[in-house]
Amino acid sequence: MSPIPRRSLLKAAAVAGAAAQFSWALGGTNAQAAPRAEAADADPVTLDWLEDGGLGAAPGSTVGVPWPKGTYQQDQTFALTDADGKAVPVQSWPIAYWPDGSLKWTAHAVSSDSGKLTLTAGDPAAPAKKVTVDKSGGTIDISTGVITAKIGKSGSTLVKSVTRGSTEIARNGRLVLIRQPEIEDEDQGAEKSERFDSAISEVEVEQEGPVRAVVRIDGKHRKGDRSWLPFSIRLYFYAGADSFRMVHTITFDGKQEPGKASGDFIRGLGVRFTVPMRDAAYDRHIRIGGDGTGLLREAVKGITGLRRDPGAAVQAAQFAGEKLPDPSTWDQRVTTRLQYIPEWGDYTLAQLSADGFTLRKRTKKGYGWIGAGGGQRASGFGYVGGPSGGFSFGLRDFWEKFPAQLDIREAHTDEAEVTLWLWSPEAQPMDLRFYHDGMGQDTYAEQLEGLNITYEDYEPGFGTPYGIARTSELLFWANESTPAPEKLAEQVDAVRVLPQLAAPPKQLIKAKVFGPGLYSEPDRSTPAKAKIEEHLDFLFTYYKDQVEMRRWYGFWDYGDIMHSYDPVRHQWRYDVGGYAWDNSELSPDLWLWFAYIRSGRSDIFRFAEAMTRHTGEVDVYHLGQWAGLGTRHGVQHYADSAKQQRIANTTYRRYYYFLTADERVGDLMHANVDSDETFLVLDPIRKIRTEPYTPDRHALSIGFGTDWSGLVSAWLTEWERKGPKWEKAKARVLSTMETIAAQPNGFVQGSGLYDLDTGKFAVAGTPVVGVSHLSAVFGLNELCAELIDLVDMPAFKDAYLDYCRYFNATKAEQAARYGSNFGTLLLFQGHSRLDAYAAVQTGDAKLATRAWSKFYNSDGYTESSPWKTEKLSGPVTLVPGSEANWVYTNDTALYGLAAIENLALLGDKMP
C-alpha cells in the first residue's frame, strides 16, 4: 500500500466566489427524508444464543433487533415467549428510528431462559422479581429481587454493599490504582509507588427496570490533591439475578515522555471489594479458576491430607464446599488439634503472559509464600466465602489482556479483600513511551523520507498515549452459600464467554439495515459461489489462527491484527513502522461485521467484538487536542503522526452497538458528533500540501472520502438514535450530502471547503478531479448505500453512482466524462463492490460484468492465489504454526467486503 496520495485542493478564492451561488435550508424541497413506508409484515422474530447453553450463570443479556421501515411506531410494546409458548419477561426500548419515525432498531433485555425465544408485538410479561431502583437516600439502592446493591453517590466507594436477603455478601467496592513515578530499564534503582483510590464525580441511573437497571459512575483516581486517570463505570443489574456486571473504562491522561525515566507509569490497576467472613476457618472456601473450568478448591483451614483423619464424610464435605458437621463429631485427634493447622489467608494468581499463570498462597502478611500450582491460561475467576454466603468474581478476557491478576487477602480474618487486577502489579509498569528518538526526522521533508522507508509517518510529539482508553468487563455473584462445583463451572463459563442473545441474519436482511442489498446469507449452490465462500472461510480462519500463533494479546493490543507480512522473516512486520498494528486500515472491522451479519457465526462475532472494543478505544483519542481522531497503523497504536477521522470512524462501531445496545460503544459514537471541529486543530494532509493553508472554521479542507465518511457516519448514527444532538446531526447529514452533490464533479471533486457553522461545503466554481484509491475504502460505499436508501436526494445518488461508475473505468472513459483521467489508482478488486452497487441501482449490465471482472482479474487475491497455508517450525520461526505469506490485511479486508457485497448484489450474474 502506498502512502496517501496528494489531493487536488480548491482555491479559497474560487470557492468563496462560488459559494454565493448556492443556498440550502433544512426542510427545503431538495433534501428530504425518504417517504414513509407502508406498514410491513410484522412477522415474529426468532432470537437465539450465539453459543450453546443459553444465559447460564450470567445476570442477563440484551439484544438489538432491526425492523423494516414502517413496521412499528415508537410506542410499540413487545412480548417474548420461549419454545413452549410460555411468556418470558422482557424489557424493550428503541435504539434507532427510520426517518419516517418508525422503529428501526429496538433493544430487548432478558434475565432468564436458555433456548430460542420468539419476539412479537404485544404486552411484555412482568418478571416475578423485578429490578427496582431507589434514588431517594444517600445511596442508589438497586434490588434484583434476589440481591440488593447500594451504589455510592460520592466519595471513593462505588458499591457500598451487596446483600442477599439479610446477609451482606460484599462491601466497599472501589477502584485502585498504583502509580510508579519512575521506571528503570536496567537492574538498578529503587522502585517507589503510590496508591490512588476512586473518587466519584457523577452518578446517573440510565435504566430503572423492570428487567434491567443500569447505573453509570464517572470520576477519577485520586490521592491528596491530584486526580487523574478518568474512569467511567457502568453497573448492570437484571431481574431475579444473583449477580451483576461491570463495564470498566479508563482513559489515560498521564505523562510519559520518550527518553525520560520519570512519569506516570501504572504499576497496578484494579477493582477491589471487601468480603465479610462469618464462617469458621474450616468452612471458609477459596476457589480460583485455572485452565478451562479447572478450579483450585481449598479451605482457609484445610482438614484433608492431615496425619489424622477427621472422617471421610467430613473431608468430602469440605472439598465440596459444604458446611461441616460440628467438630465434636469428628475424630477427636483432629478436633483437639485444630489450632495447629495453618490458616491460609492470602492467595494470588498472576497471569503475566498469554501462556502461563502462577498461583501461590501464604498464611498472612509478613510470612513466606508457597507455590500452589500454575498452568497456561487462567479463566480469571475466583470465589471466597462459606456456607453463610460468598462472593464470586471474574474478569473477562483475563489471559488475552494480560498482565492480569487475582488477589484474595486476609480470608482468615473477619474481612477478606479481593482484587481483580486489570494490570497486574507484579508485571513491569505500563510503559507507553514512544519507541524511538526520532532519528533526525525534524522537518516534513525528512519525515516523508522516513515514510518512504518504514511507512511510518513520524512527527515529534505526536506519538503520545494521552487520551487513549481501554474498556474491561467484570462479573460478580452474591452467593447464598458456596456454590456446588457445577454452578461454579457455569460462572466460569459466563466470565470466559458472556452469553449473548442474537437476531438472525434473515431479520437483518429483511429489515434492510447496514446497507440494503449489500449482504446475503452464505450460498454454496454453485461451484463459483462455493469457491468464494471457501476463500472467505479460509481468510477468517487464518487470522483467527494467527492471533494465537503470533500472540496478538495484551492489555492494549488484544483485538487488533497486523497490517503486513514479512515473508523473509516468516513474521508479520510488527516492528516496521506503518506495517505493524493495523488500526482499522481499509476496514477489517467492516469485513468482520459483514461476515457476521450474513452468517450469524459466533466465532466471527467474538473476533469482531474484540476488535471493536480495541479499535474504538485504543486507536482513538478521547481526551486532549486530538479527541475525536484516531491514529494510523503503526508499531504502537498511537505512534503515527497521522491523526485522522477515518480511524475514529463511527461506522466501525455501529454494528456492535445496534446488535447489542452496548452503552459504552454508544458513548464513543455520540462523542464523534462534533468531530468536524478537529479539522480546526489538525490538518490531515499538512505534509503534502503544495499551497499555503491555514485552518479556517468557515473554510476547512475536508475530503469527500476518508474524512466525510467518518463524519457522516457519526451524524447519521446520532440522527437515527435521536441522541441529544440529533437535529444538528440530521442537518449535517443533509447539508453535506447536498453540497457534495452540488460540486461541479460531485464526489470526483475530491474535497471541499467546509463551514463549521452552516454545516455545508462551499460549491466550487471550477471542476477538479481529486480521486484517491483510499476515498471509498473506509466505509463510504456502505454508508452511501444506507444514505441513498434513507434520504430521497436524487442529485446525491447520481453523484455517488457516477463515482462508482468511473473509478474502475478506463482512463479514456474517465477523461471523456471529467476532462481528465483519475491518474494512477489502486485497489480495483475492493472497488468492484462499487461497480456491483451501481450496476444494481442503474440496471447497467456492463457494470455488472465489470464488477466480476475487476473482482477476479485485477489486483488483490485471485483464483490463482495459493489459498492454503504452509507449516512452520523451528529454527525458522519462534513457535510452530503456519503462514500464508501472500496474505496482507489490506487485501483481506477489501477482498472480504467485495466478495460479500458482490455475491449479494450480483450473485445471479456471476461469470
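Just after helix α4, Y455 takes a positive phi of about 65°, where helices (H or I, at least four residues) and strands (E, at least two) are DSSP runs numbered from the N terminus. The model is predicted, so that local features need pLDDT of at least 70 and side-chain atom pairs count only at pLDDT 80 or more, while totals for chains, interfaces and linings use all residues. Residues are numbered from 1 along each chain as its sequence is written, and side-chain values use heavy atoms, with hydrogens and water left out.

Within α4 (residues 444-454), the buried residues are Q447, G450 and L451, buried meaning under 20% relative accessible area, exposed over 50% and partly exposed in between, with a 1.4 Å probe and protein chains only. These residues lie on the same side of α4 because they cover an arc of only 105° around the axis, the arc being that of the directions from the helix axis to the C-beta atoms. The face turned away from this buried side carries the exposed residues A445, E449, N452 and I453.

Q91, which lies in strand β6 (residues 91-97), is likewise buried, with a relative accessible area of 7%. A polar atom of the Q91 side chain lies 2.8 Å from the backbone nitrogen of V211, and the side chain of Q91 also reaches the backbone nitrogen of R212 at 2.7 Å. Not counting residues up to four places away in sequence, Q91 touches A107, H108, A109, Q207, G209, P210, V211 and R212, contact meaning heavy atoms within 4.5 Å.

Technical notes. A polar contact is a pair of N or O atoms within 3.5 Å; within protein, one must be able to donate a hydrogen and the other to accept it, and residues adjacent in sequence count only if both atoms are side-chain atoms.
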